[in-house]
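Hi,

Here is the structure I promised to pass on. Have a look at it first, and then read my notes below.

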Amino acid sequence: MFSVLIMAAGSGSRVALGYNKVFLEIDNQPLFLVCAKKFIQAGIKEVIIVASPSDYDKIVEVTDLTVIKGGKERADSVRNGLKAIRSEYVLIHDAARPFISEQLIKETMEAVKISEVAFVGKNVTDTIKLKEGKQFITLNRNDLIQAETPQAFKTALIKDCHEKALKDNYCGTDDISLIEKYYPSINIKAILHQTKNIKITHQSDLEVLKNRESNMFRIGHSWDIHRLVERRKLILGGVEIPFDKGLLGHSDADCLYHVVAGSLLGALSLGDIGSHFPDDAKENKDLDSKIIVQSAYKLIKEKGYEINNIDLMISAQKPKMREYIDLMRKNIAKCLETDIENVSVKATTTEKLGSIGEGKAIACEAVVLLKKISFQTK
Ligand code: ZN
């Protein structure tokens with residue numbers, strides 16, 4: 001019943017990337033596929049990509065969806081796409097609007113079934129002025145709507161409009177404008193919304209994309225416990241703490257460093273410390289756990305992340321940690337190339353309860369938030 005044309009036929013020259021903006025990627029997917037996915041999720045079975053002839057081969061290579069060659073102007077491209085449509089209704093969507101929501105697509109589909117023509121748009125918040133010679137006229141904001149896509153039509157109707165426009169050599173800036181011209185009595189439904197449905201047009205729009213990308217956070221958690229025994233050094237967060245016992249382990253048993261590394265690995269689903277530093281490997285015997293932290297940090301850095309903040313908790317009945325905490329924070333901040341303000345270390349006793357309370361063990365816990373810093377443009 002519904003088809004959608006994803007218009008990826010423009011050259012995208014205003015973005016000045018040196019390649020068509022539809023090849024920009026969000027989460028490793030080109031914009032036209034990000035859009036296609038949204039329409040598929042909204043229940044549309046026939047999704048057709050309209051590509052510019054010069055990008056056709058490249059687009060066919062990355063998708064199993066139907067791809068149709070566009071024409072010289074946007075209207076030519078839409079007309080080429082419409083020729084392939086057999087369903088009763090068609091939505092036309094600009095591939096440069098990757099943030100369209102599934103909800104809005106569904107609302108558009110519902111609306112077009114009732115009124116034959118519908119489009120997604122916004123109320124205008126800026127004051128718009130019309131220039132007439134040397135004069136300006138301020139338009140009434142309440143009368144203005146900013147038209148976006150998708151725009152939805154009864155297929156026969158929009159096909160007819162495009163044929164008429166071709167004969168008249170009329171060129172509208174969107175498809176709704178053809179309805180306005182050839183079927184002015186049709187009741188067009190505007191679906192007004194306040195969500196982000198921006199069109200990537202200028203370099204500055206890319207910044208929005210970048211910000212969206214850099215807002216991608218990952219959370220990681222880790223918990224670890226080591227037995228307290230005699231004739232071992234007590235090392236936590238790289239600080240040697242004077243005490244009559246120390247933590248037992250294959251490495252230097254720095255429980256705090258272990259949870260730092262464990263939470264970083266966890267945030268990116270990279271397994272646990274044991275899988276990276278097996279505790280039966282000879283080379284890891286008495287290993288300085290700082291190396292474990294550094295290598296976990298290297299992995300998250302390679303994946304394009306940095307530390308937003310990390311919160312750590314030491315559970316120990318004895319000794320008192322207070323005077324060593326700032327040194328631990330400093331060590332950890334240095335390993336993670338972050339500001340000390342982003343590293344929190346707290347200590348608690350367990351009120352003499354359990355093995356920790358009886359002084360048999362020390363446990364540590366970490367929660368880390370990672371922030372994506374890299375942005376893929378191609
Ligand atoms: Zn451990």
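Let's begin with a helix: H11 (residues 325-335) lies across strands E16 and E17, running at about 145 degrees to E17. Helices (H or I, at least four residues) and strands (E, at least two) are DSSP runs, numbered from the N terminus. Axes are lines fitted to C-alpha atoms, for helices over the stretch in contact (heavy atoms within 4.5 Å), and angles run from 0 to 180 degrees between N-to-C directions.

A word on the source: this is a predicted model, where local features need pLDDT of at least 70, side-chain atom pairs count only at pLDDT 80 or more, and totals for chains, interfaces and linings use all residues. Residues are numbered from 1 along each chain as its sequence is written, and side-chain values use heavy atoms, with hydrogens and water left out.

Now the sheet. It is open and mixed, with five strands in the order E15-E12-E18-E16-E17; two strands pair if DSSP finds at least two bridges between them. E15 (246-247) and E17 (343-348) are at the edges with a single partner strand each, so one side of each has no neighbour in the sheet. E12 (residues 217-229) and E18 (residues 361-372) are antiparallel partners over eleven bridges, and Gly220 sits opposite Val368 in E18.

Cheers
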